[in-house]
Amino acid sequence: KEKMEAIDHTIRTLVIKHPYSSILMSFPGLKEKSAAIIISAVKDINNWPTKNKFKKGLGVYGIVKETGEKHIKFRRGFSGDRMCRQGLFMVCLTAAHLKSRNDFQDYYERQVQKGKPRIKALVATMGKLAEIMYHCLKFNEPYQYQSSNHVKSKFEC
């Protein structure tokens, strides 16, 4: 138990010292361990030229598979960081069920209202989280909740 506490303390101190920690910790449901996983996958945001490559690196993207004339299947891509994908899943699960409102909870509920199964809506929310995270890290701005009444541009944090 003491070793686990020492490891947790080390993770917290290293994450707090990192320049991306203040931005990542501003997201709802994202704590030190999730931030450490994301930081280890991202390393430097300037290495990711587009948000789609960033999403692929985090393991949050889909593949369209066409078979024949009208048989189109969508499935999850398998490349990217597996631990990061699992961490983003837990962050989105937490953010979707928080008592305080946030963009990810709003997006998740809209997807469920459209008729998506809950797991697929959660995976779509992971993609939205990755997109917003990319833009916040790229422009060095912390995440801020924007209610549906006051929506700014598509990529603004």
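A crossing of two helices is left-handed if the near helix is turned anticlockwise from the far one by less than a right angle, and right-handed if clockwise. The model is predicted: local features need pLDDT of at least 70, side-chain atom pairs count only at pLDDT 80 or more, and totals for chains, interfaces and linings use all residues. Residues are numbered from 1 along each chain as its sequence is written, and side-chain values use heavy atoms, with hydrogens and water left out.

The crossing of α3 and α5 is left-handed. Helices are DSSP runs of H or I with at least four residues, strands are E runs of at least two, and both are numbered from the N terminus. Helix α3 (residues 32–42) packs against α5 at about 140°, with the axes 9 Å apart. Axes are lines fitted to C-alpha atoms over the stretch in contact, and angles run from 0 to 180 degrees between N-to-C directions. S34, I37, I38 and A41 of α3 meet M83, C84, L88 and V91 of α5 (contact: heavy atoms within 4.5 Å). Seven of these residues are nonpolar, one is polar and none is charged (nonpolar: Ala, Val, Leu, Ile, Met, Phe, Trp, Tyr, Cys and Pro; charged: Asp, Glu, Lys and Arg; polar: the others, Gly among them).

Five aromatic pairs occur in the structure (ring centres of Phe, Tyr and Trp, the last by its six-membered ring, within 6.5 Å; planes under 30 degrees apart are stacked, over 60 edge-to-face, the rest tilted). F27 and Y143 are stacked, at 5.0 Å centre to centre and 20° between the planes. F27 lies in the loop between α2 (21–24) and α3, and Y143 in the segment after α7, so the pair ties together parts 116 residues apart in sequence.
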